[in-house]
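Subject: Structure for your review

Dear colleague,

Please find below the structure I promised to pass on, followed by an account of what was found in it. I would be grateful if you could read the notes beside the coordinates.

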Amino acid sequence: MDKQKAWRRLEDTAQKDANLHLKGLLMQPGRFEQFSFRHDEILLDLSRQRLTSEVLDQLLSLAGSCHLDRWIDDLFSGAPVNQTERRPALHTALRYPPQHAFNLDGRDINSDVQSALSAMEVLVNQLHKQQWRGFSGEPIDTLVNIGVGGSDLGPMMVCHALEEFQPPRARAIQTHFISSMDGSQLSSLLQHLDPERTLFIVSSKSFTTADTLANAATARDWLKQASHMPEDLLLKRHFVGITACPDKAFEWGLAKENLLHFWDWVGGRYSLWSTIGFSIAVRIGMKGFRALLDGAWRMDEHFRHADWSQNLPVLLALTEIWNINFQHIHAHAILPYDGRLAHLPAYLEQLEMESNGKSVDRCGQPVSHRTCPVLWGEIGPNAQHAFYQLLHQGSEPVMCDFIVAASRYGKSSESLQSQHRLTLANCLAQARVLALGDDAIDQSSASPWQHYAGNQPSTLLLLDQLSPATLGALIALYEHKVFVQSVIWDINPFDQWGVELGKQMANTLLPHIGQAPSPGAFDKATDGLLAELYRVNQE
Ligand code: F6P
């Protein structure tokens with residue numbers, strides 16, 4: 001079947017089933033068994049989605065009509081799937097087991113990957129053994145990762161999520177993440193840091209990002225003021241660079257031996273698996289980092305080889321395609337019921353919206369359908385007291401992802417165990433009320449403002465527990481979901497041209513900030529604001 005036909009068939013089905021409500025679907029015998037799927041320690045529960053077996057079959061045909069099988073082969077084999085930048089997107093090669101050779105342009109890139117991991121391990125061990133010393137001979141006990149976007153969000157999210165997996169020797173090391181361009185995060189942090197014991201990790205794939213370089217320069221000045229030692233010595237003892245452009249980092253002043261590399265075939269938002277994950281490896285040790293990679297690798301294998309009818313990334317992607325393109329739902333809430341996953345929503349906002357926030361297809365033609373929805377999120381229980389009102393009674397259809405661990409806290413206190421049970425009860429309750437509305441509890445006599453319409457679809461991702469391996473698998477699941485959706489929409493998920501114009505414009509505007517106004521230089525609003533900035537700063 002061709003794509004147009006498969007698409008039209010889904011449109012017809014959506015029209016035919018327009019009045020289907022989750023209330024009815026959730027009464028069907030075997031509903032949970034039919035629409036929940038497992039891989040290793042992750043259960044994907046789609047039973048609260050507006051799916052029927054007919055819809056699922058038609059979605060699977062749609063995937064076939066888009067040649068998803070060929071695209072998956074291309075992704076994993078290193079074909080230039082990022083065609084606008086003429087390169088492959090090989091983040092999956094970062095998670096190959098050590099013995100697994102992978103040939104790209106006549107070179108075994110897995111041996112490069114393993115060498116980079118070994119170089120990273122040397123630095124991690126030096127830090128853990130307190131052998132890395134600052135300018136005064138004191139051991140380093142504080143890391144500050146300076147980066148933005150993919151050079152910040154992934155490592156920060158994972159470090160926070162896996163804090164309790166720290167080996168004892170890592171506990172003496174504090175890690176901070178700095179990204180804000182205005183220097184406000186950095187300046188308030190520096191007030192509490194000891195320059196003799198602080199190591200800055202300048203993380204930037206391109207090593208040209210203005211935000212990161214500005215923060216790195218401020219950090220360098222702070223050290224210079226604190227020590228009066230020669231700059232090259234300070235940079236050698238207190239700065240590590242992580243980049244795909246080592247020449248630029250060297251030019252900036254970083255010592256060659258303090259550079260960790262990765263490659264231009266790793267997209268920024270897919271880079272936490274590379275040496276960009278250095279802060280993760282310091283936090284959870286190399287063993288933990290390798291477990292994270294292994295979890296992702298096992299999800300890669302599942303994605304590549306499992307039948308699509310049981311394939312978690314494919315099923316999740318297609319379900320959302322159904323919501324976005326056939327149910328007209330254009331808002332997506334990410335709701336982890338676990339404080340450790342506090343930064344997951346921000347991480348997924350970049351992963352999904354920077355990847356699939358596109359409106360031209362691979363041939364440069366306007367797409368004729370909606371693509372990535374607006375994503376946002378928050379720790380679920382916190383969001384219950386903030387924006388769930390809109391989910392339950394607003395006028396906007398929203399699809400939700402609930403993410404929760406089945407078990408927590410091992411042998412810890414009864415009060416923490418009971419907090420986990422409380423959290424699970426809230427997660428299940430919210431998913432149920434969103435789906436069933438008033439029918440979740442008999443609300444027949446309720447007033448209009450107590451009416452819950454329900455029928456808001458949600459996915460529940462249940463991890464047996466949160467661990468390096470399950471988190472690795474969860475992130476890889478989302479990465480592959482994004483890829484499958486890009487195939488259905490026929491867009492390139494691996495470039496991000498949309499962010500470039502703003503950067504160029506900022507460079508053009510910079511010399512005008514704080515200068516006497518020159519009317520007509522820009523549009524009326526920008527001219528007006530430049531004049532206002534000048535006036536306020538003159539006062
Ligand atoms: O401007 C967007 C972007 O290029 C992201 O794709 C990337 O993750 C981020 O900036 C940071 O880039 P870099 O790692 O090159 O500093």
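A residue is called buried if 20 or more other C-beta atoms lie within 10 Å of its own, exposed if 12 or fewer do, and partly exposed in between, with the C-beta atoms placed from the backbone. Ser467 is buried because 20 other C-beta atoms lie within 10 Å.

This is a predicted model, in which local features need a pLDDT of at least 70 and side-chain atom pairs count only at pLDDT 80 or more, while totals for chains, interfaces and linings use all residues. Residues are numbered from 1 along each chain as its sequence is written.

On confidence, the protein chain averages a pLDDT (the predictor's confidence in each residue, from 0 to 100) of 97, and 99% of the residues score at least 70. Within that chain, confidence is lowest in strand E3 (residues 103-104), at a mean of 94, and highest in helix H18, at 99. The model as a whole scores ipTM 0.99 and pTM 0.98. Helices (H or I, at least four residues) and strands (E, at least two) are DSSP runs, numbered from the N terminus.

Strand E5 (residues 142-146) is joined to E6 by five bridges, and Asn145 stands opposite Phe177 in E6.

Strand E8 (residues 239-243) of this sheet has five of its five residues buried. In a regular strand the side chains alternate between the two faces of the sheet. In E8, Phe239, Gly241 and Thr243 are buried on one side, and Val240 and Ile242 on the other. Strand E7 (residues 198-203) pairs with E8 in the parallel sense over four bridges, with Ser203 opposite Ile242. Three bridges join E8 to E9 (residues 259-261), where Leu259 is the bridge partner of Gly241.

A further open sheet has six strands in the order E1-E2-E13-E12-E10-E11, and here the pairing is mixed. Strand E1 (36-39) and strand E11 (374-377) are its edges, each pairing on one side only. Strands E2 (residues 42-45) and E13 (residues 458-463) pair in the antiparallel sense over four bridges, and Leu43 stands opposite Leu462 in E13. Helix H17 (residues 414-436) packs on the sheet, touching E12 (399-405) and E13, and its direction makes about 160° with that of E12; contact requires C-beta atoms, placed from the backbone, within 7 Å. Helix H18 (residues 468-489) lies across E2 and E13, at about 40° to E2.

Ser467, the buried residue mentioned above, is found in the loop between E13 and H18. Ser467 and Ala291 are 176 residues apart in sequence, yet 8.7 Å apart in space, C-alpha to C-alpha.

With kind regards

How values were computed: Two strands pair if DSSP finds at least two bridges between them. Two residues are in contact if their C-beta atoms, placed from the backbone, lie within 7 Å. Axes are lines fitted to C-alpha atoms, for helices over the stretch in contact, and angles run from 0 to 180 degrees between N-to-C directions.
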